[in-house]
Amino acid sequence: MKILLIEDDAMIGRAVRQGLVLAGFAVDWVTDGREAELSLAHGVYDLAILDLGLPKVDGMALLATLRGSGSSMPVLIASARDTVRDRIAGLEAGADDYVLKPFDLDELVARVRALLRRHAGSGSPVLKMGALVLDPVHKSVMQGDTPVDLSAKEFAVLEALMQRPGAVLSRAKLEESVYGWHQEVGSNTIEVHLHNLRRKLGSGVIKNVRGVGYRVTED
Ligand code: CA
């Protein structure tokens, strides 16, 4: 799951990014409205955390542009603008949630998860594919009755695939959903994670579509 963090305050930005990465999310962090516009236009994100008071382009203007373009990506406003009128305006403009600064990091992460669940169209966060069950909240994977022990990145790769059952994801797409900009990605890292996943889950679960990418199947 990849999150775009739009926050110009360095201290808050660092703390939120770290909290999200520890919770297993890939995070791109931008610090002004112009960068945010570019990222939103070109990146693929599952959710955005949006500060309102931003250099260059205000957060409310960003939100208006995003919704005007037809995007339904969940947006959580995290702002120090604390009047009821501000909060109503944010929600009316298409934000899915509004958190006042200063906020508790654990609560922010919990709200992010809740929004992602709601957006996925189910109250249940658990992903299922045949005998395979992945729980994003508890970071656990079961194959039938057997728990599968995965590294954080292996888990993230499997999660990206299971979120789009049957769809073929390219290596670049997988990298994009597993890593943020600040993380160095080795040239064959995704292949290594996929190799390990197939070793742990059995080779039939993740299919390689030659020249295109990978998908999960009911095996
Ligand atoms: Ca700000």
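**Figure 1. Division of the predicted protein chain into domain 1 and domain 2**. In this predicted model, domain 1 covers residues 2-120 and domain 2 covers residues 127-216. The centres of domain 1 and domain 2, taken over C-alpha atoms, are separated by 26 Å. Eight helices and eleven strands are found in the protein chain, and its C-alpha trace spans about 55 × 35 × 30 Å along the principal axes. The radius of gyration of the protein chain is 18 Å, which agrees with the value near 17 Å that a compact globule of 219 residues would have.

**Figure 2. The interface between domain 1 and domain 2**. Contacts join 16 residues of domain 1 to twelve residues of domain 2, and the area buried between the two domains is about 1,000 Å², with carbon and sulfur atoms giving 48% of that area. No salt bridge is found by the rule across the interface of domain 1 and domain 2, whereas three residue pairs, both residues at pLDDT 80 or more, are in polar contact between them.

**Figure 3. The side of domain 1 that touches domain 2**. Helix H1 (10-22), strand S2 (26-30) and helix H5 (105-119) are the elements that give two or more residues to this side of domain 1. S2 gives the most, with five residues. Sorted by class, the side of domain 1 that touches domain 2 holds eight nonpolar residues, six charged residues and two polar residues.

**Figure 4. The salt bridge between Glu7 and Lys101**. The count of salt bridges by the rule comes to twelve; in the pair shown here, the side chains of Glu7 and Lys101 meet with an N to O distance of 2.8 Å. Because Glu7 lies in the loop between strand S1 (2-6) and H1, while Lys101 lies in the loop between strand S5 (97-100) and H5, the pair ties together parts that are 94 residues apart in sequence.

**Figure 5. The cis peptide bond from Lys101 to Pro102**. Pro102 has its place in the loop between S5 and H5. Most peptide bonds, by contrast, are trans.

**Figure 6. The backbone at Lys56, a residue with positive phi**. Lys56 lies in the loop between strand S3 (47-50) and helix H3 (59-68). Phi of Lys56 is near 75°, a positive value in a residue other than glycine. In general, most residues other than glycine have a negative phi.

Key:
Residues are numbered from 1 along each chain as its sequence is written. This is a predicted model: local features need pLDDT of at least 70, side-chain atom pairs count only at pLDDT 80 or more; totals for chains, interfaces and linings use all residues. Side-chain values use heavy atoms; hydrogens and water are left out. Domain bounds come from an automatic or database domain assignment. Contact means heavy atoms within 4.5 Å. Buried area is the accessible area (1.4 Å probe) that two parts lose on being put together, summed over both. A salt bridge is a side-chain nitrogen of Lys or Arg within 4 Å of a carboxyl oxygen of Asp or Glu. A polar contact is a pair of N or O atoms within 3.5 Å; within protein, one must be able to donate a hydrogen and the other to accept it, and residues adjacent in sequence count only if both atoms are side-chain atoms. Helices (H or I, at least four residues) and strands (E, at least two) are DSSP runs, numbered from the N terminus. Ala, Val, Leu, Ile, Met, Phe, Trp, Tyr, Cys and Pro count as nonpolar, Asp, Glu, Lys and Arg as charged, and the others, Gly among them, as polar. The radius of gyration is taken over C-alpha atoms; the globule rule is 2.2 Å times the number of residues to the power 0.38.
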